[in-house]
Amino acid sequence: MDLGLLFEGLVTIFQPYNFLITLFGTAMGIIFGALPGINASMGVALLLPLTYGMSPIAALSMLLGIYTGAMYGGSITAILINTPGTTAAACTAFDGYKLAIKGKAGKALGMSNIASFIGGVFSLIVLMILAPLLAKVAISFGPPEYFALAVFGLSVITSLAGEHLVKGLLSGAFGLLLGTVGLDLINGSPRYTFGMYNLFDGISFIPVLIGLFAIAQVLLNAESKESIYLRTKKIGFLEQLPSFSELKSVMVSILNSSVIGTFIGILPGAGATIASFICYNEAKRWSKHPEEFGEGSLEGVAAPEAGNNAATGGAMVPLLSLGIPGSETTAVLLGAFMIQGISPGPLLFRDHIDVVYGIFAGLILANIAFLIMGLISVNFFVKVIQIPNRILYPLIIALAFVGAYSVKNSLFDVGLMLLFGIVGYFMKKLEFPTAPVVLALVLGPMAEGSLRRAMIMSHGSWAIFVQRPITLVLLLLTLFSLFFPFLREKLSKKKLSENL
Amino acid sequence: MNKLKIFRLCLITVLVLCVITFAASCGSQKAESPKQEQQQQKINFPEKPISLVVWGSPGGGSDVFGRTLAKAAEPILGKPIVVENKPGGGGATAMAYLASQKPDGYTLLAVTTNYVLTPLTKNTPNTYKDFDPIIMIGRDATMTAVRAGGEIKSIEDLVTIGKNKNLKWGTFGVGTTDHVAAALFQKATGIKVDFVPFEGGGEAMAALLGGHVDVLNGNPSEISSQLEAGQLKGIGVFSAERLQDYSDVPTYKEKGYDIIVETWRGIVAPKGVPEEIKGVLFEGFKKALDDPVMKDYYKKNNIIEEIKNGNEFYDFIEQQNEFYKKTLTEMGLIK
């Protein structure tokens, strides 16, 4: 990292136009993120045409503002109305919504905001110092490693399931089944598509997410007579936010998640969604109060939010230093670079070092911007849950329709969303957790594709999974993760008996 | 009671009036001679914004191409050109959408080789026969790339090494142009290849750089930054002639393998667009290619400009369709 160049970058970014356009991007990002269906990549794509006339630094800072803003914004609706604005915020809904019901929406929002900020800044520092070095890590992951990572991610289901382990596993299996829909990855034959070309690319997860969370939640709430959107007491601005001691108690989780999120973000092919789920799981595993998870734990909000924002900085590593987009959003950002006539990759650091540091400075500004905007707007957002149900529900439904349609401009997806709304309603009635469906739908195709690629590489020999060190470590971690709850139980019983 | 009757009467009168006006307007349209109508259109097209459908997601390669082209053609055609994304199904969604639109020249689709590949391999409802090509505007070469400094340094190395051990050949999908080119080369040489299909270019590239696969084929625009940085090395091009920017990379043809596989680009419309409108669109897009931004885009992405009019483009597509039908059947991808 060159501090002189970073200073120059900061000078550039604080020029009035660049400054304002980055703030604009960040604000739009928060709004896009909060809207169900519009995730970071769509938000960036929506405003991409605006960048045609801009300088490279202004254009990319604005788009990166959207990216980071959307990562935080996704948690707002997850917390307030149990409708994650993005898949990466699906985890945040578990504890965030419980906190909101308990009247602590402000605390959850504040925590999400601060955790997002810390995660974002941590990954940014890593990006600035280690980008070229970490690029090597990114390419060290081949198909066998991705398979192991996907399996590790799937093991999270056991902790998402809560009390109903069997039901959680069934939900996960349902998600995996949904993930097999579409054209076969290796020989191209259609599976469960019933001749509908709309299903060739598989079931897109945004409509599923909106259906399972938003629609199902509205249906469920609408039938209960009592309003669960409790009126929050009028309390002061500062009291809404998490206190210093609360912040201190989750700091370890936030830092752990920042490290995990950054690492997973670096890998092209993984991403913020997987990062947030794994961070949630790890936070629960190492927490002093694992029993609070799922019941409204601030830690359960902080961990996935730190993780998904940390993934943004991580995802910039392969994009900038290899020219390889590691996620949907970075693929759109690659397009933005191309529009500017700059190709990211190894030569970027040689030919356009000013742009690189301009982007770093833009990311610093965007992170600070969403921290301040987020904290100021907490009071305003909390009012959302005071909207009467007869107004709020139709609004959510309308947003859900727009969100599902806008993913691919396709009415088919709207139908899919409604279908999963009904499925989600019955799942909730029968106490099946819905999050494992989303997780398995994201990870299933990744696990299958990489498994089959690995098998082609090894000519059908399973030894490939133990011969490669990273793969072996990840698979051992998975085993550990699966048996950890039993181990802990045994240990605590032992302690208990010793104490007696 | 009385009030209701009056209301009914009013309603019926309004309905009848509606029907009469509608019939009259239909009749008057029909009454115009076809010649007059065509002449009017010739003078008046385009009267409203044109939508250019692209089948890529926003921000992807085909989207950026579509938007750049739309921007260049706007001032020439004199109306805004709005880019609409209809991603999904390897282009099938966009093709189905286009087929449902009026053939009035106001809805167009930017196509690539997938225009024939998708209906062949995925058995989708619409084929090239359902549309009218407007213009072919260019083609992208297919280049074979390997890690720089690795064991493989030339097309000859591919053959010698491929005879002894299985080459891991990464592809951007199943039955894609890069896959087809590699399969034809395999057939011509009899080398042993394991095809490892990835989803999307990024993952395949990362796998090549990380040594998880030995070789892959890509469009120059996809691999140029690695080529320039010296991390990857181009060893062969599946074109008739060498590329301007990579004149040191030989063609397969000069090495004795007559394999030409390129990604072509063009614009098509729903079937039945009047000839005059097709003409206006052809001239408009042809001129758009002279726009400096467009020229620059072509140069940067190593796209070779090649213009064919609607009829020539149709014949070319038909011939390409036959070629891919035969090849993909041999590859076992058409059942």
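What percentage of the 500 residues in chain A is made up of buried residues? The points below answer this and then describe the two chains of what is a predicted model.

1. Overall form of chain A. Buried residues account for 58% of the 500 residues in chain A. The radius of gyration of chain A is 22 Å, which agrees with the value near 23 Å that a compact globule of 500 residues would have. Along the principal axes, the C-alpha atoms of chain A fill a box of roughly 65 × 60 × 60 Å.

2. Secondary structure and contacts of chain A. Chain A comprises 22 helices and 2 strands. Of its contacts with a separation of 6 or more, 79% are between residues 24 or more positions apart.

3. Two residues of chain A with positive phi. A:Asn82 is not a glycine, yet its phi is positive, at about 55°. This residue is located in the loop between α4 (56–81) and α5 (92–101) of chain A. A:Asn82 has 23 other C-beta atoms within 10 Å and is therefore buried, the cut-off being 20 or more. A:His459, likewise a residue other than glycine, has a positive phi near 55°. A:His459 belongs to the loop between α20 and α21 (464–467) of chain A. Because A:His459 has 9 C-beta neighbours inside 10 Å, this residue counts as exposed, the limit being 12 or fewer.

4. The contact between the chains. On the side of chain A, 45 residues are in contact with 42 residues of chain B. Five helices of chain A, namely α3 (40–47), α6 (105–140), α14 (298–322), α15 (328–339) and α20 (435–458), each supply at least two residues of the side that touches chain B. Of these, α15(A) gives the most, with 6 residues. By residue class, the side of chain A that touches chain B divides into 27 nonpolar, 15 polar and 3 charged residues.

5. Domains of chain B. Chain B is divided into domain 1 (48–140 + 264–330) and domain 2 (143–237). The centres of these two domains of chain B, taken over C-alpha atoms, are separated by 28 Å. Their contact takes 9 residues from domain 1 of chain B and 8 residues from domain 2 of chain B. On the side of domain 1, α5 (114–122) and α12 (310–330) of chain B each supply at least two residues, and α12(B) has the largest share, 3 residues. The residues on that side of domain 1 of chain B divide into 3 nonpolar, 5 polar and 1 charged.

6. The sheet of chain B. In chain B, 6 strands form an open sheet with mixed pairing, in the order β2-β1-β3-β10-β4-β11. The edges are β2 (81–85) and β11 (303–309) of chain B; each has a single partner strand, so one side of each is left without a neighbour in the sheet. From one strand to the next the twist averages 25°. Helix α3 (residues 61–77) of chain B packs on the sheet and touches β1 (50–54), β2 and β3 (107–111) of chain B. The direction of this helix makes about 160° with that of β2(B).

7. Strand β4 (residues 131–140) of chain B pairs with β11(B) in the antiparallel sense over 5 bridges. B:Met136 has B:Lys308, in β11(B), as its bridge partner.

8. A cis peptide bond in chain B. Between B:Phe45 and B:Pro46 the peptide bond is cis, with omega near -10°. B:Pro46 is placed in the loop between α2 (34–44) and β1 of chain B.

Technical notes. Residues numbered from 1 in each chain as written. Chains lettered and ligands numbered in written order. Predicted model: local features only at pLDDT ≥ 70, side-chain atom pairs only at ≥ 80, totals over all residues. Contact = placed C-beta atoms within 7 Å. Helix = DSSP H or I, 4+ residues; strand = E, 2+ residues; numbered from the N terminus. Nonpolar A, V, L, I, M, F, W, Y, C, P; charged D, E, K, R; others polar. Domains from an automatic or database assignment. Pairing = 2+ DSSP bridges. Axes fitted to C-alpha atoms, helices over the stretch in contact; angles between N-to-C directions. Rg over C-alpha atoms; globule rule 2.2 N^0.38 Å.
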